[in-house]
Amino acid sequence: MTISTNRNQQVQQLKELIADMDYAMLTTVDDDGSLHSRPMYFNGDIDAEGTLWFFTSASSHKVLEIEHRQQVNVNFSSPNQQRFISISATAELVKERQKIQARWKSELETWFPQGLDEPDIALLQVNIKRVDYWDDPSNFYAKSMSGLAQNK
């Protein structure tokens, strides 16, 4: 698949918007339809396709929620800079050892003390469908990047 120049620009813009943000709020949908949010460490891992990657425990409740309903929302914020990003996406669990090793960073040992030997370690692949963001204190309005959605 060839990535359009516009898409490349949007991915680069998103990388710049979230470059200095270490944490995001990941929202999933529980079995009863209620929303469930939790903070996730973000190690700056967004690939050229515009996919976000988060480390997780494969047996966590959020993974169970995602297996039932793939729709998620990821929010980043930097209130001091009046920058807020809301990402509508789908997520899926990835257990491929090679992908886990390629994305590993030592900072993750806080959550995975055994490092890559952690038996339950996995990745959440977050496939972006739409990005809304607010980043200008004088003109506080939403801008969207809906062209970021992949054709899957």
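A residue is described as buried when its relative accessible area is under 20%. In the predicted model examined here, strand β6, which spans residues 121–134, is mostly covered by this criterion, with eleven of its 14 residues buried.

Strand β6 takes part in two pairings. With strand β3, formed by residues 51–57, β6 pairs in the antiparallel sense, and seven bridges connect the two strands. Within this pairing, L52 has V126 of β6 as its bridge partner. Strand β5, comprising residues 83–94, also pairs with β6 in the antiparallel sense, in this case over eleven bridges. Here the residue of β6 that stands opposite T90 is N127.

A further site was examined in strand β1, which covers residues 23–29 and contains T28. The relative accessibility of T28 is 0%, and this residue therefore counts as buried, since the limit for the buried class is set at under 20%.

When residues up to four places away in sequence are not counted, T28 touches S34, L35, H36, R38, K62, E65, I66, Q71 and V72.

Note on methods. Residues numbered from 1 in each chain as written. Predicted model: local features only at pLDDT ≥ 70, side-chain atom pairs only at ≥ 80, totals over all residues. Heavy atoms only, no water. Helix = DSSP H or I, 4+ residues; strand = E, 2+ residues; numbered from the N terminus. Buried < 20%, exposed > 50% of the residue type's maximum accessible area, 1.4 Å probe, protein only. Contact = heavy atoms within 4.5 Å. Pairing = 2+ DSSP bridges.
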